[in-house]
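Reader: Please present the structure, and then let us discuss its helix packing and its backbone geometry.

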There are 2 protein chains.
Amino acid sequence: MTEFIPPGSRWHALTSPFPMKRGGELRDARIAYETWGTLSAQRDNAILIVTGLSPDAHAAANADNPAAGWWEAMLGPGKAIDTERWFVVCINSLGSCKGSTGPASVNAATGEPYRLSFPELSVEDGAAAAVEVVRTLGIAQLACVIGNSMGGMTALALLHANPGIARSHINISGSAQALPFSIAIRSLQREAIRLDPMWNGGDYSDAAYPESGMRMARKLGVITYRSALEWDGRFGRVRLESDRPDEDPFGLEFQVESYLEGHARRFVRHFDPNCYLYLSRSMDWFDLGEHAGGDVMAALTSIKLEKAMAIGATTDILFPLQQQEQIALGLRAGGADSQFVPLESPQGHDAFLVDFERFDPAVRGFLATL
Amino acid sequence: MTEFIPPGSRWHALTSPFPMKRGGELRDARIAYETWGTLSAQRDNAILIVTGLSPDAHAAANADNPAAGWWEAMLGPGKAIDTERWFVVCINSLGSCKGSTGPASVNAATGEPYRLSFPELSVEDGAAAAVEVVRTLGIAQLACVIGNSMGGMTALALLHANPGIARSHINISGSAQALPFSIAIRSLQREAIRLDPMWNGGDYSDAAYPESGMRMARKLGVITYRSALEWDGRFGRVRLESDRPDEDPFGLEFQVESYLEGHARRFVRHFDPNCYLYLSRSMDWFDLGEHAGGDVMAALTSIKLEKAMAIGATTDILFPLQQQEQIALGLRAGGADSQFVPLESPQGHDAFLVDFERFDPAVRGFLATL
């Protein structure tokens with residue numbers, strides 16, 4: 001069981017016991033976070049970033065850790081999220097293995113990792129944990145909550161449960177409820193891990209590790225995070241250099257296969273399999289409509305914001321564009337000056353991590369109006 | 001090793017040795033096929049159907065086997081493919097386990113199943129085998145070749161290699177070359193099978209069978225054969241009836257998960273895993289452009305037909321609509337009266353197997369003009 005904690009993380013000790021939505025509680029749990037910029041005297045320039053399934057809190061270089069972060073292009077002095085103006089907080093999700101307490105963390109009560117004894121995890125739990133960090137930092141109201149992918153769910157849960165906590169919101173490739181295609185994909189990813197005999201009911205070690213299950217799960221992730229259109233242009237039918245004479249006819253032959261393999265190799269040993277299962281399932285369970293008698297639009301409408309923007313990529317098959325449109329419409333119905341910004345990005349669900357040409361102006365433009 | 005041969009199959013003994021495109025040859029191999037209707041005295045009313053990866057030759061009920069076939073709604077007296085008018089031949093693909101010789105068949109030379117000693121399989125080999133059946137039936141020229149999915153590839157290979165063999169062609173959800181997204185999906189399906197320890201390098205038995213690998217492969221297939229849009233309407237976020245108290249948090253909970261599981265269960269023991277690997281890889285390898293110096297449009301243009309139609313579903317992510325458009329354009333450039341017919345079907349790649357409201361009029365209308 002390994003956690004992957006970036007140097008320079010800060011920690012917030014969660015209220016103990018910290019009650020979990022689906023039952024159970026956590027004791028002595030913590031949330032890892034990082035910050036950029038300076039909180040103004042009026043404490044009115046704070047932006048919270050909540051992330052997708054796998055990123056840590058290290059979104060960009062800062063004084064505590066000068067290494068480039070996963071959103072380096074978007075966050076920093078003069079960048080779209082300008083740290084000369086904004087005090088930015090990025091949270092590592094509850095349930096992750098990158099600093100915040102999750103299934104890979106040691107349960108203080110037993111001295112052993114939680115593994116599957118970790119209580120069932122909901123997106124709402126992650127939202128409640130993030131709110132504690134915000135409050136501890138002395139922030140009564142955020143200027144903006146930015147949520148990407150799963151973080152788009154976390155942001156909506158947080159806004160819904162804490163009226164007045166933010167003046168504005170940017171939802172990037174997010175969703176107000178998980179739909180069956182996405183559930184099916186994630187279910188299959190989890191099955192790949194659970195079917196790996198080395199997963200062993202969650203009781204694996206670094207030496208006996210569900211490597212193939214994680215590899216399958218990650219490859220399926222990469223396939224659904226990108227788009228057919230992007231790959232046509234990028235790989236076409238290009239083959240690897242080897243002519244593989246007399247080699248395995250089912251081995252790697254096309255560049256696209258080797259690309260997937262490379263992505264998987266980089267991930268497999270850098271994310272804890274049990275944490276993956278918990279975070280993945282929390283997304284399936286998420287339905288903001290639960291908080292309004294099953295009516296997702298009513299739940300969105302009850303969120304009160306001054307301004308909002310929901311951005312998506314036309315080629316996203318995992319969190320399709322209609323879901324961002326729904327968010328924008330719902331928040332507008334609630335009274336926000338709310339825009340839906342569909343971007344013609346070929347890069348699918350992950351476009352916000354790579355297509356800065358399109359995402360930078362959208363985010364920059366929105367924040368400039370605050 | 002099990003073959004799944006529908007009763008009433010007819011067989012054609014292939015030329016022996018039968019040379020394979022990528023090297024090697026088959027001896028004493030055979031092709032299973034079925035027919036409907038009566039060949040006219042002029043032998044000018046024959047239609048050939050070549051299929052997707054998994055179907056057998058039993059497309060519809062006939063005198064030899066009254067059970068309903070996989071395209072029962074489309075094929076029969078008065079139906080879109082009217083067997084009162086047409087003499088219809090449907091071929092089980094070379095390499096399959098449903099009557100034609102494939103990796104699950106016994107190699108007469110050894111008395112053992114071929115398994116991975118089966119030579120590498122190409123779509124072009126399947127086309128050459130189908131042509132032998134057509135010739136043996138005394139048909140010099142087909143009125144039409146209809147190819148669905150992988151069969152759309154087989155049909156193009158067959159038409160390209162045999163000038164004048166057909167007057168017309170209907171390509172349904174097919175492709176002139178495999179693209180990287182589809183290769184990636186199929187590669188992952190094969191990896192799921194190969195990673196299953198029970199696959200055992202192809203040396204499994206009914207008692208020791210790669211059940212989980214096949215289940216994963218099939219689920220991924222079903223996900224990509226259908227569409228997110230269809231599933232939103234069909235399943236939404238409906239849960240199974242059980243409230244699963246204290247059950248596995250990663251077990252089946254949503255209807256869509258149980259739907260996938262049901263589909264997988266029905267398939268896993270009804271298709272041979274090695275045959276699946278061979279047929280799947282043959283699709284990745286297919287590129288009609290190989291026959292024209294890498295130029296797929298040039299290869300399509302060199303096919304000479306009187307009439308052609310390429311049909312696809314707007315929601316197909318595996319053989320996307322642009323691929324059928326390319327086929328229609330290429331055949332038109334070659335001189336055919338060629339139409340591209342995009343159908344607004346929510347049912348994705350598999351729409352031709354279920355959405356008869358849209359596919360029936362398209363096929364019926366085309367054949368009526370012949």
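Predicted model: local features only at pLDDT ≥ 70, side-chain atom pairs only at ≥ 80, totals over all residues.

Reader: In which loop is the place of Asn200(A)?

Author: Asn200(A) is not a glycine, yet its phi is positive, about 55°. Its place in chain A is the loop between helix H3 (180–195) and H4.

Reader: Is Asn200(A) buried, exposed or partly exposed?

Author: A residue is buried with 20 or more other C-beta atoms within 10 Å and exposed with 12 or fewer. Asn200(A) has 14 such atoms within 10 Å, and therefore it is partly exposed.

Reader: How are H4(A) and H3(B) oriented relative to each other?

Author: Helix H4 (residues 211–225) of chain A packs with helix H3 (residues 180–195) of chain B at an angle of about 170°, and their axes are 10 Å apart. Angles over 145 degrees count as roughly antiparallel. Therefore H4(A) is, relative to H3(B), roughly antiparallel.

Reader: How many nonpolar residues has the contact of H4(A) with H3(B)?

Author: H4(A) contributes Ser212(A), Met216(A), Lys219(A), Leu220(A) and Ile223(A), while among the residues of H3(B) are Leu188(B) and Glu191(B). By class, one residue of this contact is polar, two are charged, and the nonpolar ones number eight.

Reader: What is the peptide bond from Ser16(A) to Pro17(A), cis or trans?

Author: Pro17(A) lies in the loop between strand E1 (10–13) and strand E2 (18–19) of chain A. Most peptide bonds are trans. For the bond from Ser16(A) to Pro17(A), omega is near 0°, and the bond is cis.

Technical notes
Residues numbered from 1 in each chain as written. Chains lettered and ligands numbered in written order. Axes fitted to C-alpha atoms, helices over the stretch in contact; angles between N-to-C directions. Helix = DSSP H or I, 4+ residues; strand = E, 2+ residues; numbered from the N terminus. Parallel < 35°, antiparallel > 145°, perpendicular 65-115°, else oblique. Contact = placed C-beta atoms within 7 Å. Nonpolar A, V, L, I, M, F, W, Y, C, P; charged D, E, K, R; others polar.
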